Amino acid sequence: MHLPHITPQRLPSVLRRMPKAELHIHIEGSLEPELIFKLAERNGVKLPYESVDALRAAYAFTDLQSFLDIYYAGASVLLKEEDFFDMAWAYLQKAAADHVVHTEIFFDPQTHTARGVPMGTVIQGLHHACQRAHQEFGISAQLILCFLRHLSEEDAFATLEAALPYRHHVIGVGLDSSELGHPPEKFARVFARCRELGLHVVAHAGEEGPPAYIWSALDVLKVERIDHGVQSIQDSALMQRLAQQRLPLTVCPLSNIKLCVFPTLAQHNLKQLLDAGLCVTVNSDDPAYFGGYLNDNFVQLFEALGLGPREAYQLAFNSFEASFADAVTKRAWEHQLKTFFEGLREHD
Ligand code: ADE
Ligand code: ZN
């Protein structure tokens, strides 16, 4: 496809307005400090921080675990169905404003059920927000249930069981939380069961962990996408496999900087992954904690790496290709994307 020349000054506006999908967003990671304090007050939950500013000041992470400790503490304010609705609604409004036409939202039920919150409260609150966003913004929003990998496989099985009455509200399962020391194969049996149930399967792998975790996510869990996967660059056989199968990576640039996976955005390896033919996508991961929503990730990444309209088109295209939507819907979004780029004038 012919892409017009776009000046660097104009590129951020193109990135912001192009249609796109988001495939790696933890809804609990979209809880802004202001909403955490509002829900804490509404529910009578005492927080170990004096103010919104004090909480924000604690967002100085050194690695994944240092973030997860604060992230799970923030989620402790979520108790009622309306809390889950309000959290998801706030994210979906931002996603719609970012020209996200489709989003596949992760949630961590064990963080809530462990505090006595029923599974139905979590899923129904999130689902109602997805439904309303579809009605009001035309955005399609789906839910992916993530198992916490620092807990046991038995706990994951119990979580799956508790979610089965809401099976129709969930398109797939994922695997998140502390990666090192918790390899994908720990969850081989529960993922096999999820596949039998017809659920889509994804897993975080190669965020901090080694390429071996990506191999086992592929070969043992038989995942359809890898979340993060940036460490695959260390293993050329793995890179070839990912490229040949067009097995998508959901990369999260600002997250990788905030969690010290790369020292700076300019040193991020996304362009190398893209140039090697991998189906790379851009995502926000935990936007309230990492300093930006999806468009902020696009704009800052493109500036730091000096990317242009070709990469913009490719990354948005990949986000639709890598989604779990049906083929007809994907073609419609790809057409919408093409029309958007064709409509850009060389010099306006
Ligand atoms: N849960 C929320 N964000 C996460 C991340 N970046 N890695 C692993 N688990 C997470
Ligand atoms: Zn993540």
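## Cavities in the model

A cavity is a set of grid points, laid over the protein atoms alone, where a 1.4 Å probe fits but cannot get out. In this predicted model, two cavities reach 30 Å³ or more.

Rolling a probe the size of a water molecule over the atoms shows where empty space is left.

## The largest cavity

The largest cavity is lined by 13 residues, and those closest to its centre are His 26, Leu 64, Phe 67, Leu 68 and Ser 177. Helix α4 gives the largest share of this lining, with five residues. Sorted by class, the lining of the largest cavity contains five nonpolar, three polar and five charged residues.

What takes up the space of the largest cavity? That space is taken by ligand 1.

## The shell around ligand 1

The residues around ligand 1 come from several parts of the numbering: His 26, then Leu 64, Phe 67, Leu 68 and Tyr 71, then Asp 176 and Ser 177, then His 204, Glu 207 and His 228, and finally Asp 285 and Asp 286. Helix α4, which covers residues 64–74, supplies four residues of this shell, the largest share. By class, the shell around ligand 1 divides into four nonpolar, four polar and four charged residues.

## Polar contacts of ligand 1

Which side chains and backbone atoms lie 2.7 Å or 2.8 Å from a nitrogen atom of ligand 1? In the side chain of Asp 285, an N or O atom is 2.7 Å from a nitrogen atom of the ligand. For Asp 286, a polar side-chain atom also lies 2.7 Å from a ligand nitrogen. Ser 177 takes part through its backbone, where a polar atom is 2.8 Å from a nitrogen atom of ligand 1. Taken alone, ligand 1 exposes 260 Å², and the protein buries 100% of that area.

## The second largest cavity

The second largest cavity is lined by Leu 145, Leu 160, Ala 163, Leu 164, Arg 167, Val 170, Val 173 and Leu 199. How many residues of each class are in this lining? There are seven nonpolar residues, no polar ones and one charged residue.

How values were computed. Residues numbered from 1 in each chain as written. Chains lettered and ligands numbered in written order. Predicted model: local features only at pLDDT ≥ 70, side-chain atom pairs only at ≥ 80, totals over all residues. Heavy atoms only, no water. Near = heavy atom within 4 Å. Polar contact = N/O pair within 3.5 Å; in protein donor to acceptor, adjacent residues only side chain to side chain. Areas by Shrake-Rupley, 256 points an atom, 1.4 Å probe, with all protein chains shown as cover. 1 Å grid on protein atoms, 1.4 Å probe; cavity = no way out; pocket = protein on both sides within 12 Å on 5 of 7 lines; lining within 4 Å. Sits in = over half its atoms within 2 Å of the grid points. Helix = DSSP H or I, 4+ residues; strand = E, 2+ residues; numbered from the N terminus. Nonpolar A, V, L, I, M, F, W, Y, C, P; charged D, E, K, R; others polar. Points joined across faces, edges and corners; volume = space filled by probe spheres on them.
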